[in-house]
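Hi,

Here is the structure I promised to pass on. Have a look at it first, and then read my notes below.

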Amino acid sequence: MMNKISRRKFIGKCVVYNASVILGTGWLLSCAKDSNGANYSSDLEYLPIQNGNPAIAFRREQCEECGDCIEACAEKQKVFGTYHASESNHVCIHCGTCIMACEEGALTEKYNWREVLNAIDNPSTIVIASISPSVRVGIGDYFGMDAGSFIVENMVGACRAVGFDYVLDTNFSADLTIMEEAAELQKRIQENVNIPQFTSCCPAWVKYVEIYYPSLLPYLSTAKSPVSMQGSMVKTYFAQKTGIDPLNIIHVAITPCAAKKYEITREDLETEDIKGTDMVITTNELAKLLKMRNIDLSAQTANFDSLMGNASGAGIIFGNTGGVMRAALRTAYFNITGMNPSENMLELQQVQGLTGIKEAQVTIGTLVLNVAVCYEMRNAQKLLEQMISGTCKYHFIEVMACKGGCVGGAGQPAGSSKIQKRISALNTADILASTRYCHENPEIKAIYNDFIGPVGGPNAKKYLHTTYNDKSNLL
Ligand code: SF4
Ligand code: SF4
Ligand code: SF4
């Protein structure tokens, strides 16, 4: 039951929604309207997250029925209210925005960290960790460090101390993603097909298009996300080079993201029926795991393993809103002109920062490209509607579900005031990186020379690209 304070808050929320009546503890259908008058089509006070949701967990006993989760889902991500919600019917893109809205801890990512510990404790498996860019600017929060502290050696050392057999850098596969995505963009522009190209590294965004705008799926880049590419390469290239049977590998992605727990369930991301990533844990779960084993983060130091442990500054900024765009344009510029771009394009200040939709115009050789960057589906929806109405002027669009990009993911320590500090930390690491271009990363050159072959070629298609499906039947 709601207490007096949360009841008042609840009523206030309904006023925002032009609501008229509240009875008992439920929202009447007449009450459930947003500021545009759209129906929320539910009399539930909380999100009906079901047990089968691979990414989000709901603890009913902790729920105060404040409705904040419903508001976040409906207003920011445009999901709740688009279908008839009931205890047995819930459409979800697994973004985790509701988790960030819930101050009671009733909503969290679905925890898998105990399964990871079990795998580590099993001596017959090789457990490999791959760590996403944003984890290194979030994990320090749990160990008394300042928000936005950039920690690599301590984080890798702690993962080794907990028992991972190898520790790899998902930034490596962010570089790989850009190699493929930049080449794809160039091809589409030259052939004038499926423009604009949308980024595809956020699984919540991909699922949103699959559900709500399936006719626009050809505009998504076919490049897998960095986590998915990393999985494919761990079970093939890395296994081959190290002589490990891929069937003996448990690959664990450590990410800032709830939606990656859903992404690894997608069969269309498997290669030759082998799942690239077996488990996903978040930054929050990594902290739980380290504390469970009494590992002091600051007391450990180590480096990533080689083969898939080196990344450019372009890979590092993948965690930031605008980072994928900036990284891709650096390599697209090189591919088209044969030269690296100027400082202005490296920074591309117009697409940085915490504004929902940002845009820029860039010149690459004789091409003039209009690009846009956005986060949250309420902003993406505006660009998708421009496409439907034929008024979209852009050539390349980056979309992320979370505010600020993955640094603001639902698997990160809470606190939106920390997002800008994390963004700044990743930007500084980009500037200090040994190279700021993925095409200059020696491990990227090696993997194309030794294993993949040409960028966009047959092996690249097989291992690094995917397909999408119309999921409008979920509505
Ligand atoms: S935000 Fe949390 S406490 Fe509030 S209704 Fe949702 S689940 Fe319950
Ligand atoms: S994860 Fe996202 S789509 Fe799913 S219920 Fe939460 S806010 Fe809504
Ligand atoms: S923006 Fe990043 S953290 Fe958020 S849902 Fe998408 S991939 Fe996950």
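R188 has 18 C-beta neighbours inside 10 Å, so it counts as partly exposed.

Before going further, keep in mind that this is a predicted model: local features need pLDDT of at least 70, side-chain atom pairs count only at pLDDT 80 or more, and totals for chains, interfaces and linings use all residues. Residues are numbered from 1 along each chain as its sequence is written, while chains are lettered from A and ligands numbered from 1 in the order in which they are written.

**The overall picture**

The protein has 17 helices and 12 strands. Both are DSSP runs numbered from the N terminus: helices are H or I with at least four residues, strands are E with at least two. Along its principal axes, the C-alpha trace spans about 65 × 55 × 40 Å. A compact globule of 475 residues would have a radius of gyration near 23 Å, and the 22 Å of this protein agrees with that. (That radius is taken over C-alpha atoms, and the globule rule is 2.2 Å times the number of residues to the power 0.38.) Buried residues make up 50% of the 475.

What about contacts? Two residues are in contact if their C-beta atoms, placed from the backbone, lie within 7 Å. Among contacts between residues at least 6 apart in sequence, 74% join residues at least 24 apart.

**Two domains**

The protein is divided into domain 1 (4–109) and domain 2 (114–464), with bounds that come from an automatic or database domain assignment. Their C-alpha centres lie 30 Å apart. Where they meet, 16 residues of domain 1 are in contact with 22 residues of domain 2. On the domain 1 side, α3 gives the most, with 3 residues. By class, that side has 8 nonpolar, 4 polar and 4 charged residues. Here Ala, Val, Leu, Ile, Met, Phe, Trp, Tyr, Cys and Pro count as nonpolar, Asp, Glu, Lys and Arg as charged, and the others, Gly among them, as polar.

For the ligand shells, a residue is near a molecule if its C-beta atom, placed from the backbone, lies within 6 Å of it. Which residues are closest to ligand 1? They are Y46, C63, C66, C69 and C102, out of 14 that surround it. That shell divides into 8 nonpolar, 1 polar and 5 charged residues.

Ligand 2 is also surrounded by 14 residues, the closest being C73, C92, C95, T97 and C98. Helices α2 (68–75) and α3 (97–101) each supply at least two residues of this shell. Its classes are 10 nonpolar, 4 polar and no charged.

Around ligand 3 you'll find, among others, C95, C202, C257, C402 and C406. The shell of ligand 3 has 10 nonpolar, 2 polar and no charged residues.

**Helices to click through**

Helix α6 (residues 170–191) has 22 residues and reaches 31 Å from its first C-alpha to its last, close to the 32 Å expected at 1.5 Å a residue; the expected span is 1.5 Å times one less than the number of residues. In α6, 17 of the 22 residues are buried, so this helix is largely enclosed by the rest of the structure. Not counting residues up to four places away in sequence, R188 touches V193, N194, I195 and Q197. After α6 comes N192, whose phi is positive, near 55°.

Helix α10 (residues 283–292) is mostly covered too, with 7 of its 10 residues buried. Its buried residues pack against several elements, including β4 (107–109), α4 (113–121) and β8 (249–255). N294 follows α10 and has a positive phi, near 55°.

Finally, L383 is found in helix α14 (residues 377–389). Is L383 buried or partly exposed? L383 is partly exposed, with 18 other C-beta atoms within 10 Å. Leaving aside its neighbours within four places in sequence, L383 is in contact with A372, C374, C392 and I397.

Definitions and conventions:
Buried ≥ 20, exposed ≤ 12 C-beta atoms within 10 Å, placed from the backbone.
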